[in-house]
Every structure is written in C-alpha cells, then in structure tokens.
Amino acid sequence: MSPASPAMNLDFSAIAPVAIVAMGAMAVLVLEVFLARMRSLSEFHVSVALALVATLALVLALGTAGQAFLQGTSSVFNADNPMLRLDRFSAFATVVVGIGALLSVWMSMQYLIELRINHGEHYALLLISTAGMMVLVAAVDILTVFLGLEILSLPIYVLAGFDRRKTTSNEAAMKYFLVGTFATALLLYGTALLYGTTGETGLDGIRAAFPSDNPLALAGLGLVVVGLAFKVSAAPFHQWTPDVYEGAPTSVTGFMSVTVKAAAFAALLRFAGGDVEPAAENLGRILWGIALLSMVLGNITAVVQDNVKRMLAWSAVAHAGYVLVGFTAGAPGHGAVLFYLAAYLFANLGAFAVIVALADRGRDQDRIESFAGLARRRPGMAALMTLFLLSLAGLPGTVGFIAKFQIFSVAVRAEELSLAIVAVLTTVVSFYYYLRVPVWMYMRDPGETPPRAGLDTPEAAVLSACAIAVLLLGFFPNGGFPVPVLQDATVLAWAHEAAAALR
Amino acid sequence: MSAELFFFYVFAALAAGSALAMVSNLRNTVAAALSLVVTMVSLAGIYVLLRAHLVAAVQIMVYAGAVLVLFVFVVMLLNLREDVFPPARLRPFKLAGAALGAVGLAGFLAALAGHVPDMAAVPESFGGYREVGRALFTDYVLAFELVSLLLLAAIVGAVVLAKRRLEP
C-alpha cells in the first residue's frame, strides 16, 4: 500500500460503462416514483418510459465500451492501484453482457404486466446487476472480482423471487441465494489463501508471485475456480440450476442464463487466461474434469425433462461444459470461448424470449405439452423456437455451429482428443432433446388451450433481433454481409483479438 | 514464548472452540448464537495482535454487536424449540462430511508446516483509523463506491421482497 499522492491520477474512461449503467439504475428508481403517480399514464406507458431510460444507459455504456474496443485502448482507473482495466478483452465482454441486458429489458416488459409483477424496481435491479457484470469482466484485482460478483448476484437473487405469489419463484430465490452465498464464501476463502501466499491482491501480482509448490496457493486457486463454477452452473456445482431456472420469471431466467454465464466465464478467463504457467497444469486438470462432467451430466439429464425451462437449464449445464473445453486448449481456445459466449447469448435468450411471448393468462406455458401443434396456431413462433434450439444444438447455418466448431477444433489442435470426442458425442445426444420441442410443435395436434392473441412489439423486436443475429453470425461470422455496418462486423476475429489482450 | 504468541493461542483456541460449540449445539439456538459472540470477540483479539486496531473495534461493534443482536432477535422471534427440528437424518452423509473435513484439515496443517512466514514489520500508525481512512478514500476509493452500489442493490431488493403489497 503506497502512500497516496495528494493529486491522484484518475482515468474515468475506465469505469465509464459501469458508472453509466449504475446511474441509469438510479435514474430508473427515481423516475418510477414520479411516473407511478401520474394517473394519466397507463401501466404500459410507465414501463416504456423506464425501459427507454434503461436503454439509454445501456446504449451509452455499449457505445463507450465499443469505442474502447475499436480503438484498442487500455485504460486503468487508478494507475497506482489498478482495480478495473478497460482493455479490449473487458470491452468485448462488456458489450456481450450489455446486449444481453438490453434484450432482456425489452423482452420482460409485456411479460411483467402479464404476470402482474410490473414494478419499476425490476429495471433498476437488472441494471445494477449489469453494472456488476461490467465490474467483474474488467476486474484486475481480487477485491473487484469479489465486489463485481456480489453486485451481479444480489439483484438476481431478488429478481428470481420477483413473482412473490408463486411458490416456485420464492423457492428459486431462496435456493439461489443460499447456494450462491455458499459459492461466494468459497471464493472468498480462496482469495484469502491467494493473498496469504502471494501477498498481492492484484491479479497480475498474484500471477507473478504465484508459488506453485505451495499447496495453499493451489487450494486458493481451486476455491476461486469452484466459486466461479457455481455461477456458470458447471457440474458438479450445478444442482441449483434446474429449480432456479424453472422457478424464476422466464424473462429473468433468460437474462441470468446468458449474462451471468458470460461475465463469470470472462472472470475465469482473467484468472486462467494469462500465463499462470506454474499453476496452469493443475488448473487445467480441474477444468478438464469439470468440463467432462458438465457435458455428460447436462446433456443426458436434459433428455428426460418435460418442462422446456428445465430442459434449457440442463442444456445450460452442458454448454458450460463446452465452454470449459475451450479453456483446456490454452491460449488459442480463449477467443473461441468468447465467441461461444456471444453465440450462446443470442440463441439462448431467443429461446427464452419465445417462452416469454407464449406466457398466457399470467402463467408460463412451459410444459412440453403446451407446445403441441404450435406450428399450426402460431407458425412464426414455432419457426423461431426451432431456429434457436437448432442453434443451441449446433446445426450448420446457425451461429451455434460456428461456435461449437471453433471450440472442438481448438480442442483437437491442443490434442485434447478424448474431450473433443466426448463433446461431439454429447452434441449428438443434445439433438434429441432440442428437436423434441419442434416435433411437438410440428407433428402433434394442438390441445384445448387457445393461444394468447398476437405478439407485442417489444417482444417481436427482441425475437427478430436474436433470430437475425443467430443467422447472420452463422453465415457471416467474419463480416462481409453486404450492408454498410454489418460489412465490417468481424465478430469472430474480434473475439480472438479480445482474447489476445489477456496476454 | 512471547506474550503475543501466548495471547494468540488463547484467542485462537477460544475462537475455534466456540465456533465448534456453535455448530454442534443443536438444541439451544440462543446458546449457539452466544457461542458465536465468543468467536467474534476472540477474532477481534487476534486482530489487535495483528495491529489492526480499527478492524478489531469494527469487529466488536458490527459483528459482536449489530449482527449478533439481529441473530438473537430472529432466533427469539421464531421461538424454535427442540421438537421443531426434524429428527437427524442422513447420518452417513454427516459422517462422510466430517471425515472429509478432517482429511482436509490434516492436509491443510501439513501444508502449513514450514510455510508460516514471520510477521512483517509494520509502521507505527498501521491499522489506525487515519491510515485506514486514507487508504479507503485514495487507493481503494473505487472499491468503496462499488460497495455503496452493492448496498443500494440490497436495499432495493429488501424493499421489493418484503415491503411491496401483493396484488391479488
């Protein structure tokens, strides 16, 4: 701890995305109080106003992060004691979680009204959580890693229990809270051991001073990895996933399934991604085991699920396994991991958005039976759901294929053959349960239940944005689509450039 | 053995012993909570030995004071009696857990032997409110502000979950 100079040299551009999103959250909180009192405004209009404020904050944050990425600058808030670093890596991850939050805001609007849980705090909590994710992905100090993780988790514990009338929602919140706190305790214990053995709190310092022959340091690293593995719902730390995914309001499930995973994996990349050479072998062995178990357990258990939200929860476990395969491949795998997270975002959020849009009479229609004959009743929705599920399975032509292909090929190149073979085999298994939903939608007769009429504009916008992204990134992962902005959107190359900033 | 080391062992034994007493006391929750107070105060003693005087004071005020009072309140409000708890089950799991914990502890102690560094020399003013305050608002100002964001989230969350009236 150096004695601070009187004039601190602070660079606020490093914390701009976090600060903007946090201020957006506060603006939503304040604005809601005033808008809710204006009798002339309908519930829907209040929601639109709050969502617009949230959108403004998120777009500004995305703009700053995107600019930082394209310019390739790296800024640290306080050079004397670096806590957050906005480099190309964190800028990329910030954009990913920001897009996830943006889509979630618009996806949840009509749904919250439908479920009669339309409180303005929802948007504020969502934004605070997003700010926490942006802290986590930019954290270069163990202190900010912990704070970011807590700021992202706490609002989600609440959001999971947002539907207080529903027992399963309460159960989800309680379960996620207890398990999440447990994971945080493990992570804290790990950080204490790391600090104790290295005398550093900065990640770079820990890396430089890491005593690889000290079992305490290795235990500390292992505990940090376990703490983060809880958040990404990798097996065997996944037990909370199905219940929480099923019980939480679907818009919240969609939000947390993609953004929490992206942020926690980004933090794991910061830990594992640099040259932790002394620990790399041990860490690699742990991650290898977790990856294998997640893929096998997630895919096989997903087969027997009759609730689509639960099925997607087990598929989330499986996808955590695929992402971890990218970790075991070392440096070349990190770009593949980042691209996978972006790909997973659009496909998974899209699938949850379909369930959100199908919610009827204040309830989720998430049993597989309620998808029967959907193609006849609502052909557009059925087609979109099929597209998103096929992308999750990894059919060529969708972004899921490119992402999986990247992961598998780096695994093969890194001579992780057994892991790659398991990944391919479990992908084949996954086609069964992903295709089960389209089979119900296209080949069964519709049941008694009449569908909810129409599709609301915000939901339609979110669905089409996800669908366009899935297809566009599937066919043009490196840009080249003949439309001015998209021409240069070389997302795949960007992911690899972002990963290069780790080293 | 220096006086410092002697007191360290006293406080450490107290902290570990009362923590164990808290976990193993299944019948009387108030007594368990009071065991926790002993742990907290002993930890404060260890902080004093480490020259972290402000942290020691905060430990007593916040943990032994506020947090524990909250615990005792909740325990008393719930008024849990012995017959409320379900009979002990999953005995094999508990035994396996205890065994695993013992193995872990043994490994931990074995690893610790020979790795304990000497206590670093610290400046005279270390651990006082002045030094802590200075560090908090210069080097760690960002972390400080982030904690306030975390507290905001906690407050909003508590209001949402507890205060909002349920619409029928």
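**Salt-bridge network, chain A.** I started with the charged cluster: Arg85(A), Asp87(A), Asp204(A), Arg207(A) and Arg270(A) are linked in a network of salt bridges (a side-chain nitrogen of Lys or Arg within 4 Å of a carboxyl oxygen of Asp or Glu). This is a predicted model, where local features need pLDDT of at least 70, side-chain atom pairs count only at pLDDT 80 or more, and totals for chains, interfaces and linings use all residues. Residues are numbered from 1 along each chain as its sequence is written, chains are lettered from A and ligands numbered from 1 in the order written, and side-chain values use heavy atoms, without hydrogens and water.

Arg85(A) and Asp204(A) have their closest N and O atoms 2.8 Å apart. Arg85(A) sits in strand E2 and Asp204(A) in helix H7 of chain A, 119 residues apart (helices, H or I of at least four residues, and strands, E of at least two, are DSSP runs numbered from the N terminus). Buried or exposed? I get 19% relative accessibility for Arg85(A), so Arg85(A) counts as buried, while Asp204(A) at 42% counts as partly exposed. The cut-offs: buried is under 20% relative accessible area, exposed over 50%, partly exposed in between, with a 1.4 Å probe and protein chains only.

**Helix H12, chain A.** Lys309(A) pairs with Asp364(A) at 2.9 Å between the closest N and O atoms. Lys309(A) is in H12 and Asp364(A) in the loop between H13 and H14, so the pair ties together parts 55 residues apart in sequence. Lys309(A) is buried at 0% relative accessible area, and Asp364(A) counts as buried too, at 12%. Arg310(A) pairs with Asp243(A) at 3.2 Å; that pair joins H12 to helix H9, 67 residues apart.

**Interface of chains A and B.** How many salt bridges cross it? The rule finds zero. About 3200 Å² is buried between the chains, 74% of it on carbon and sulfur atoms (accessible area, 1.4 Å probe, lost on putting the two parts together, summed over both). On the chain B side, helices H4, H5 and H6 each give two or more residues, and H6(B) has the largest share with 14 residues. I sorted that side into 21 nonpolar, three polar and four charged residues (nonpolar: Ala, Val, Leu, Ile, Met, Phe, Trp, Tyr, Cys, Pro; charged: Asp, Glu, Lys, Arg; polar: the others, Gly among them).

**Chain B.** I noted six helices and zero strands.
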